[in-house]
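My entries follow in the order I made them.

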Amino acid sequence: MTAPLRHVELTVAGNEASDLLPVLSPALLEAHGARRGLWTVLDEGPVEACVALLVQGHDGGWVAHHQGFDAGPEAGRTEDGEALAHRDGWVYVVGSHFGSKAGPLRPKRAFFARFREDDAARGVVRLDVVRNQFRLHRAINDALAQADISPLPPGSRVQQRFIRDTQVRGSAKAKSWVTRVVTGDLPLNVEAAAFTPAGTLLLGLRFPVTQDGEPIMVEISGVEGMFDSDPRSWPAVVRAYALTGVTPSGTLTGFRALTATPSGFEAVVGSIDALGKGSVLLDDHPTGGDITCTHVRFNLGPDSRVAGTVVDELAPFHNVEGLAVVDGERIYVTDEDHRIALWHD
């Protein structure tokens, strides 16, 4: 790490953070008497209970607020929110689309949600939630099969626990989504998201990775259409990319965080799963575990292989979960038990 980072610990509902997103609403900052703020998503519980606001006062002190939401009929039907992104005054929350560390995939994690950021200045906010029932899983798997990058085939235990066991569970319960999970599929772990200037959404995947162990990102269009009730439409994959030049030789790295900046994108890459927690991914792919995080920078271009530039090696951290760049200052959040740990310049 190029310079020591300052450390702030906050507590929100005894939960840990999974992303950071700068607050853009002046009304919201004014309501909290703050000079700047960050959204974070907490990864244990339904999405309406797991979004928090971290604000920094004019005196420099940080305070955490548990934001209230009304998810209507979708209350309690989601889990494992992982990523945040801004678009046209909306804050989007993206589920992991994954499962527990031992599988199977969980349909409650295959969701998108959004709310108007300005509305958070006035108290409880309406939260629109759409569960896509593995439609995104199908679209991304089909796109990766045709892409000019080569994903690493899943190991036998990963295929059994995440794909076959999901099929068995869906068939036993006569779920309509079961046909969207196909033998040979790659389980997706969405960890990061940011909108592009064109309005497409870039998703950073923690898994799968390429055959060379490189992080994969997928650009999707039509995110807004998921929230149109009549007619509802579903996202399409524009392109899949491999992020090159940031993976140590002989290892596997995935996305941990992603943020859009005026000059492109910045991200954190690191392990494909945590050590010592019963990860089936690491049982099959052990070289993806003991890896410290790295802060990188990149721009999208016409090529599906995108060159990344290392900004900073974040050793000894293995657990950076969010990145924001605010007023030229980098801010990270790490995955800590029962608390939110911010690290900043």
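Is Glu-214 buried or exposed? I found Glu-214 at 8% relative accessibility, so it counts as buried (buried is under 20% relative accessible area, exposed over 50%, partly exposed in between, with a 1.4 Å probe and protein chains only). I note that this is a predicted model, in which local features need pLDDT of at least 70 and side-chain atom pairs count only at pLDDT 80 or more, while totals for chains, interfaces and linings use all residues. Residues are numbered from 1 along each chain as its sequence is written, and side-chain values use heavy atoms, with hydrogens and water left out.

**Entry: Glu-214**

I located Glu-214 in the loop between β13 and β14 (strands are DSSP runs of E of at least two residues and helices runs of H or I of at least four, numbered from the N terminus). Its side chain makes a polar contact of 2.9 Å with the side chain of Arg-305. A polar contact is a pair of N or O atoms within 3.5 Å; within protein, one must be able to donate a hydrogen and the other to accept it, and residues adjacent in sequence count only if both atoms are side-chain atoms. Leaving aside neighbours within four places in sequence, I listed the contacts of Glu-214 (heavy atoms within 4.5 Å), including Val-209, Ala-242, Thr-253 and Arg-305.

**Entry: Asp-273**

I looked up Asp-273 next, in the loop between β17 (264-270) and α4 (280-284). Asp-273 has 3% relative accessibility and therefore counts as buried. Its side chain and that of Lys-101 are joined by a polar contact of 2.5 Å. Not counting residues up to four places away in sequence, Asp-273 also touches Arg-206, Ser-279 and Gly-288, among others.

**Entry: aromatic rings**

I searched the whole structure and got eight aromatic pairs. Rings of Phe, Tyr and Trp (its six-membered ring) pair if their centres lie within 6.5 Å; planes under 30 degrees apart count as stacked, over 60 as edge-to-face and the rest as tilted. Tyr-92 and Phe-227 have ring centres 5.9 Å apart and planes at 70 degrees, so I logged the pair as edge-to-face. Tyr-92 is in strand β8 (residues 90-95) and Phe-227 in the loop between β14 (215-221) and β15 (236-244), 135 residues apart. Both Tyr-92 and Phe-227 are buried. I also noted one aromatic cluster formed by Trp-39, Phe-69 and Phe-115.

**Entry: nonpolar cores**

The largest nonpolar core has 27 residues (a core is a set of buried Ala, Val, Leu, Ile, Met, Phe, Trp, Tyr and Cys residues joined through side-chain atoms within 4.5 Å). Phe-112, Leu-201, Leu-203, Ile-220 and Val-223 have the most contacts inside this core. I recorded another core apart from it, with 23 residues, among them Leu-21, Leu-28, Ala-34 and Phe-69. Leaving aside neighbours within four places in sequence, Val-223 is in contact with Tyr-92, Phe-112, Phe-195 and Leu-201.

I found seven of the eight residues of strand β22 (residues 329-336) buried. Strand β21 (residues 320-326) pairs with β22 in the antiparallel sense over six bridges (pairing needs at least two DSSP bridges between the strands). In the turn of the β21 and β22 hairpin, Asp-327 has a positive phi of about 55 degrees. β22 and strand β23 (residues 339-344) also run antiparallel, joined by six bridges. In their hairpin, His-338 takes a positive phi near 65 degrees.
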